[in-house]
Amino acid sequence: MIERYTRPEMGALWTQDAKYQAWLDVELAACRALAARGEIPAEALTEIEAKAAFDSARIAEIELEVKHDVIAFLTSVAEFVGPSSRFIHVGLTSSDVVDTGFGLQLKRSGELLLKGMDRLCVALEQLAWKHKDTVMMGRSHGIHAEPITFGLKVAVWYAEAQRNHQRLQHAINAVSAGMLSGAVGTFANIDPDIEEAVCRELGLSPELASTQVISRDRHAEFFNTLAIIAGSIEKIAVEIRHLQRTEVLEAEEPFTTGQKGSSAMPHKRNPILSENLTGLARLLRGYASMALEDIALWHERDISHSSVERVIGPDACIVMDFMFHRVSGLLEKLVVYPRNMMDNLNQMHGLIFSQRVLLALTAKGMLRENAYRVVQRNAMQVWEKQADFKALLAADPDVSQYLQEQDLAELFDLAYHTRNIDRIFARVFPQGRPQ
């Protein structure tokens, strides 16, 4: 991933050195497990643990000749260890090291992503409570519908984030798998107990049954979970982009001192953070589809998945990490305009109460189809003539025979639409308001 979207802590988990270190962690754990069974001399293990290292530049040099990165890695390690290196990689095949090392990297990355997920949940929780009672226009198809509160909108995002938190934890567990079963997965040259010991040391779960690779449904679940989370973040970003439109301006990204919105138009304040999140979500959806393609391999193994994972492993984790912290920072500093929300709500001269009038007329005895026609007839005059909806209804004899002016006044009450917000919040936030 390019440096622009790479945060240092996550980037450090996906350097070439980090990958080789994960491989070395697997090899050393295997040596310790073999030594515990008496299959490696104690003095050899001591020497291996003391000297085992690698040189990334040297590995690249060797790989130019041997055309095999794991062999190049093992050769470099052997140059550091010396004669005792003959006990390294005993009974293993390349995928044992690569797949288990990949599982280690994904697990470590996932744990870091969970911290980003936690930050997002906190930001959403605080924003939801802050604006629990901030009334705004609810929209469907982009058109004014009925009143909601901005806090309710954010509470919906929070509930989705909680589900994504669970999905991410499950996906991390799924991908935190290791395998040391040898060529074609039969344990012909290594005992299954070694695999269990290595995975236990590394904090991974042994693959129940493997071919020569760990089954890629695990990885597909992980990368598709990231895509789902990215979609949820994009959902937030798209909403903010809409709310920041000039003719709406109900919420706005923070605009910092010295920031410039356009090279040509000095007045511009653009939703660049949200637009960036939309673009990054597209990347993660692309990576997810690639991970699905990797599930089907030839027989016990091919390497068609390898080139894909060299890209999507680091890139997806780095992009997801960046997205978490970008959207959290945006939400933590989001500028909300309650007055604009109320002004926009009043724009349609009371049309937003049409359903209440419809229901009131039917409750008074008018057939629903007739009531709909009467209410819509008056509503269309508001659309076309900018007339006052309540005044039109009061002057309509088809309405006045059922509803008096006092009845209409009660129907045009905002509090009616927000009366259950507290109950919704109690469901979304059973822990109560944060301190």
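In this predicted model, the largest pocket has a volume of about 550 Å³. Its lining is made up of 25 residues, and those that come closest to the centre of the pocket are Lys19, Asp69, Val98, Ser306 and Arg310. When the lining of the largest pocket is sorted by class, it has eight nonpolar, ten polar and seven charged residues.

Two of the residues closest to the centre of the largest pocket, Asp69 and Arg310, are also partners of each other, for their side chains meet in a salt bridge with an N to O distance of 2.8 Å. This pair links distant parts of the chain, since Asp69 belongs to helix H5 and Arg310 to helix H11, 241 residues apart. Asp69 has a relative accessible area of 11% and is therefore buried, whereas Arg310, with a relative accessible area of 47%, is partly exposed.

The second largest pocket holds about 440 Å³ of space. It is lined by 18 residues, of which Leu351, Ser354, Gln355, Tyr372 and Ala379 are the closest to its centre. Strand S2 (143-149), helix H13 (354-363) and helix H14 (368-385) each supply at least two residues of this lining, and H14 gives the most, with seven residues. By class, the lining of the second largest pocket divides into twelve nonpolar, four polar and two charged residues.

The structure also holds one cavity of 30 Å³ or more, and the volume of the largest cavity is about 70 Å³. Among the residues that line this cavity are Met117, Leu120, Trp157, Glu160, Asn164, Ile229 and Lys235. The elements that give two or more residues to the cavity lining are H6, helix H7 (150-175) and helix H9 (217-243), with H9 giving the most, five residues. Eight nonpolar, two polar and two charged residues make up the lining of the largest cavity.

The next topic is the salt bridges. Side chains of opposite charge can pair when their charged atoms come close. The structure holds 25 salt bridges, and the table sets out three of them.

| Salt bridge | N to O distance |
|---|---|
| Arg32 and Glu201 | 2.6 Å |
| Arg37 and Asp193 | 3.7 Å |
| Asp69 and Arg310 | 2.8 Å |

The side chains of Arg32 and Glu201 meet in a salt bridge that links distant parts of the chain, with Arg32 in helix H2 and Glu201 in helix H8 (residues 192-202), 169 residues apart. Both partners are partly exposed, Arg32 at 29% relative accessibility and Glu201 with a relative accessible area of 40%.

In the salt bridge of Arg37 with Asp193, Arg37 lies in the loop between H2 and helix H3 (42-51) while Asp193 lies in helix H8, so the pair ties together parts that are 156 residues apart in sequence. Arg37 is partly exposed, with a relative accessible area of 39%, and Asp193, at 45% relative accessibility, counts as partly exposed as well. Salt bridges that share partners join Arg37, Glu39, Asp191 and Asp193 into one network.

Aromatic rings form another set of contacts. A pair of aromatic rings is described by the distance of the centres and the angle of the planes. A search of the whole structure finds 15 aromatic pairs. In one of them, the ring centres of Phe222 and Phe223 are 5.3 Å apart and the planes stand at 85 degrees; because planes over 60 degrees apart count as edge-to-face, this pair is edge-to-face. Phe222 and Phe223 are both buried. The aromatic pair of Phe425 and Phe429, at 5.3 Å centre to centre and with 45 degrees between the planes, is tilted. Phe425 is buried, with a relative accessible area of 1%, and Phe429 is buried, with a relative accessible area of 2%. Elsewhere, ring pairs link Tyr20, Trp23, Phe54 and Phe73 into a cluster.

Charged side chains also lie over rings. Arg356 is placed over the face of Tyr416, at 3.4 Å from the ring centre, and Lys390 lies over the face of Phe412, at 5.6 Å from the ring centre.

Definitions and conventions: Residues numbered from 1 in each chain as written. Predicted model: local features only at pLDDT ≥ 70, side-chain atom pairs only at ≥ 80, totals over all residues. Heavy atoms only, no water. 1 Å grid on protein atoms, 1.4 Å probe; cavity = no way out; pocket = protein on both sides within 12 Å on 5 of 7 lines; lining within 4 Å. Points joined across faces, edges and corners; volume = space filled by probe spheres on them. Nonpolar A, V, L, I, M, F, W, Y, C, P; charged D, E, K, R; others polar. Helix = DSSP H or I, 4+ residues; strand = E, 2+ residues; numbered from the N terminus. Phe/Tyr/Trp six-rings, centres within 6.5 Å; stacked < 30°, edge-to-face > 60°. Buried < 20%, exposed > 50% of the residue type's maximum accessible area, 1.4 Å probe, protein only. Lys NZ or Arg CZ within 6 Å of the ring centre and 35° of its normal. Salt bridge = Lys/Arg side-chain N within 4 Å of Asp/Glu carboxyl O.
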